[in-house]
Amino acid sequence: MTPPTLNPFLWIIPILPLAGAAINGFFGRKASNNAISTVALVFSGAAFAAALGIALSFSSVSAPYYCTLAHWFRSGNFQVEFSFYLDQLSLVMLLVVTGVGFLIHIYSVGYMWDDDGYYRFMAYLNLFMFFMLTLVLAKNYLVMFIGWEGVGLASYLLIGFWFTKDSAAAAGKKAFIVNRIGDFGFLIALFLMIKHFGSLDFTKVFSQVTAWPTETAGVGTLTAIGLLLMVGAAGKSAQIPLYVWLPDAMEGPTPVSALIHAATMVTAGVYMVARSSAIFDRAPMAMMVVAIIGTLTALFAATIGIAQTDIKKVLAYSTVSQLGYMFMACGVGAFSAGIFHLMTHAFFKGLLFLAAGSVIHGVGGEQDMRKMGGLRQYMPVTFATMGIATLAIAGIPPLAGFWSKDEILWKAFNTSWVYWLIGVITALITSFYMFRLMYMTFGGEYRGAPAAHDVKHESADAHAMRDKHSHEGHGHGEPHESPWVMLGPLVVLAILSLVGGLVGIGGRFEHFLAPVFQGTAGAELAHETAREAASHTTEYLLMGVSVSVAFLGWLLAYLLYSRRPELPARIATSLGGLYEAVVHKYYIDELYAVLFVKPLIDGSTTILWHGVDQGVIDAVFNDSASAANRVSDAARRMQSGNLRSYAGWIAAGGAAVIAYMVWMGVR
Amino acid sequence: MGPMNMDSFNPIILSLVTFIPAVGGLLILLIPRRDRDIKLFALVVSILAFVASLHLPVHLHRDHNLFKFEINKVWITNPNIHYHMGIDGISVWLVVLTTFLTPLCVLISWTSIHTRVKEFFILLLIMESALIGVFTSLDLFLFYFFWESTLIPMALLIGIYGHGRKVYAAVKYFLFTMIGSMFMLAAILWLYAKTGTFDFVDIQNAIHSGNVPGFEHASLWLFLGFFIAFAVKVPLFPVHTWLPDAHVEAPTAGSVLLAGVLLKMGTYGLLRFNVGLFPDQARRNASWIIVLALIGIIYGALVALVQPNMKKLIAYSSISHLGFVVLGIFSFTTAGLNGAVFVMLAHGVATGGLFMLAGILYERRHTYEITEFGGLATPMPRYATFFLVTVLASVGLPLLNGFIGEFLVLSGAFQARPIYGILAATGVIWSACYLLWMYQRVFYGQVKLAVNNTLPDLTLREKVALSPIAIAALVMGVAPMVWLSAIDPAVQAVLAPVTQMASKVVGQ
């Protein structure tokens, strides 16, 4: 690798949106909406401009940039600096984050204009950009961790933006806490790195790691680090078993769902794993776990997506599923394919959410697709752009999603046909639920209340949203198209969803990223090109299969939701319990509540607080005689929930295996 | 004034900083009973002490030599007691923490104390002097004098100005800590009997060079004598139950000093005396002490989670945070000790801030019950913002002060033994659980009780009192080297004999 060259201006990119956040945060309350928008757009736009400027000066042959601002802290010989780093990988992330981010800032001006907390929203959005840019530009794991936790904070604030709504506040808290569980793993991984490498600097860690042998025989330190990093990534990128926060996060305003919970933040885990490719490459067991978790998540979330009726929830589970693809890619060593899909996904999923926002806007805050329909004639631009995004995510050539998904499936096939098969099944389901969404929303006749005023017909959620929410103020009788400040970003993203995949043709994207992953995939690449040459027929055959399933999904959706719209209900009834389970997301939230939350609260209350603290210790202090009684009382009240679910046992077994592997490496 | 002139303060600066508050407190006796004058005077005195204390870190040499700004004069010849004071890179920050928090305590008590205003501020300032004295004394008798001097003002602050079962709480506090201190006194007297001096440095040298007759057999008991006194103060499980009661009933300023500074007397004592005098025993006993610390971290957090009372919740969270400090100290790693000292300071700022915030709410509603609130972010947006910043500092968000200390402690503990680091690291999950859940119940959702609709947002005075907390939380998180550059060499000086001892053991 060419040695990095100094670029003393790198830190300015993240600082720009921070300045915007500070100005709007401190002075926005009394400022006019125009002033607030100007500040928010100028600073996020400037970050995008700076990113473009750097991209122009940076070609794939040149060396990575770095820049060190100052010492953050030092203890003994261990030190951490505020340092930034830009290579091909962070450049892709930088462009995605600032580009898509800027578009969503523009969209938000239209979407959030009438909200009382407009200044707050824009300040949080800028704050998010600051942390996300810190995350992708970090030169060491701890600066990355600043961004990592910071985006979590921004996400907490934005999910709970309409904080008077209990469900929004609860969703924000849930996101933060579940992410913290992931961060726990991340932190332990960092401690292992400190112990073995004495540093958290990417360059220093990876240069030492490359001298380590691949842990093929058993599990060792690198496997443990890899698995622990995966725990962190699973939290941030909503993978099994920590995905549960993401669907709830849809309580946030829709631009937030687009920016944070689709295009950028949730991909941070994928980025982190790709960034750590040197470690994963030498820990095949960890790679396998990544691939398995990714594959299972892809399929599992997709099946839930089939039965959701809330337009944003469909997209949320779809995001979880697509993130699963990206992990699958990383797990089979196809890091650049994972990042490629990350990029195209940012385009089409960002677009899908923004378009969904436009729909929700157009029908007066309604999110239930059963009350939509026929919107095609009212909202032609939204329909067209969302249609493009749907074609892209379904994997219809030559749109963006086709290229990146196909790349992943091909690489997965080269590792094991099982990954490929599950990936293809997921692709079928994806295509189905996306076209189902399109037909339910835009096809047929409008099923909403003629006057969207009439709150009786709205869900409680939509009603609560209306209280706070901007655009419902102008009480529309009929669905209507959104203003151009919102449609503009849709069009730009639609163009990117159309042509964004072309950069991958002929392995160009992979070659661009090759310097980043050369230490890892270098040897493999040569070996693979040989194999690829030999099996072009196989590749085209597989491509044919994945394109066919995309059309098959479309056809099924067309039959069920356009030709015979009465059929789905009949099928649902005949499926009975299975359908119920899917609608209720396999009762995972309920399972977690019974397994973890309730025992924790009850145990802490009866055993620890009333039992030990008051029953034993204080009793000894106050009156030792009654102590014995209270202890037995507390013991009697100990209750343990019965674990009835097989899935629970399997998951527990899997967790135990992973924990054992981590422990072997940590020891 | 040039630096030369400022350096001429060095021999007397510690005495100045230590006694400015107490002298100011006594001068209040001379002021006629006009509440406003008394408060203003107390504020001026406490700010003066803070400004004077800033001389210490500014002029402190950041090297490995032990004590700076020393003053050593004979106080009483028989028994041989010296007025010996001095600080290092650890105690200097505890002094500054004390002088930093006291003006904020004065401000936060401005309108909440109605009766016996004069006595309140006298007690507060005397309390401040006693706390500073604990951190500056290098003579064990002098140390014990200041140590016990903190007891009575705090018991009175709770017993007179508290609420609810205030007498019960005050007595409980008094008895727990008093009984603990007796063991320390016995240990101090034993050391005096064998060495003929109370001087910390002399005793340390005597022990390290093996010149204390009978020390071999007594060292475990001496170690435990000090340990019990400090463990009660920290407080470590299972002698922690005085703390939640004391906090709930204490007036706000009392809670701020209690959590902010008084608990650190315990951890400071462990570091200075248990580790400093008995490095061998400290190492031998580290494992069970760490177990207690780990219990404290997890147990404190879980009990905090289910507290219906905001102040009790913060009190139990302190037990959890102080567990990190003890864990860091007894990990005997540079990172662990640096982190332990940093957590002491960060916790002082953040938890001091949380108690101030709880007090602001109490002044408006006269309750700490979480269920009495809900939706407060609507009537009190600025209050909600300050509260959130303090909560985030407390949960250890990077770039705020809680993170640095916690990270260093955990990494040190992990180096000592991975399982220590792993168990303690669950604390990052727990703290998010109990604090964010409380925050949600207090601030989010609709306002449920009509009385909360009209709660006034922060006054100017309250904003002035809270801003230093928020600023300190941010500055300590972004530029921790300001503190660590002094802490790191001091910690290494403390650690040197322990690691020497360890290598001796290994060498045998």
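What follows is a short tour, one selection at a time.

Before clicking, some ground rules: this is a predicted model, in which local features need pLDDT of at least 70, side-chain atom pairs count only at pLDDT 80 or more, and totals for chains, interfaces and linings use all residues. Residues are numbered from 1 along each chain as its sequence is written, while chains are lettered from A and ligands numbered from 1 in the order in which they are written.

**Stop 1: chain A as a whole.** Helices here are DSSP runs of H or I with at least four residues, strands are runs of E with at least two, and both are numbered from the N terminus. Colour by burial and 56% of the 667 residues of chain A count as buried. (Buried is 20 or more other C-beta atoms within 10 Å of the residue's own, exposed is 12 or fewer, and partly exposed is in between, with C-beta atoms placed from the backbone.) Among contacts in chain A with a separation of 6 or more, 81% come from residues 24 or more positions apart; a contact needs C-beta atoms, placed from the backbone, within 7 Å.

**Stop 2: α1 and α2.** Select residues 12-27 and 33-57 of chain A. The axes of α1(A) and α2(A) come within 8 Å and cross at roughly 175°. Axes are lines fitted to C-alpha atoms, for helices over the stretch in contact, and angles run from 0 to 180 degrees between N-to-C directions. The two helices are therefore roughly antiparallel (over 145 degrees; under 35 is roughly parallel, 65 to 115 roughly perpendicular, and the rest oblique). Show side chains at the contact, including A:Leu16 and A:Ile23 in α1(A), and A:Phe43 and A:Ala47 in α2(A). By class, this contact has 14 nonpolar, three polar and no charged residues. (Nonpolar covers Ala, Val, Leu, Ile, Met, Phe, Trp, Tyr, Cys and Pro; charged covers Asp, Glu, Lys and Arg; the others, Gly among them, are polar.)

Stop 3

Stop 4: Three strands form an open sheet in the order β1-β2-β3 (chain A), with mixed pairing; strands pair if DSSP finds at least two bridges between them. β1 (5-6) and β3 (78-86) stand at the edges with a single partner strand each, so one side of each lacks a neighbour in the sheet. Nine bridges join β2(A), residues 65-75, to β3(A), and the two run antiparallel. Zoom in on A:Thr68, which sits opposite A:Ser83 in β3(A).

**Stop 5: chain B.** Now bring in chain B: the contact takes 42 residues from chain B and 39 residues from chain A. On the chain B side, α20(B) gives the most, with seven residues. That side has 29 nonpolar, 12 polar and one charged residues. Finish at B:Ser485 in α23 of chain B, which is partly exposed, with 16 other C-beta atoms within 10 Å.

Terms used:
Contact = placed C-beta atoms within 7 Å.
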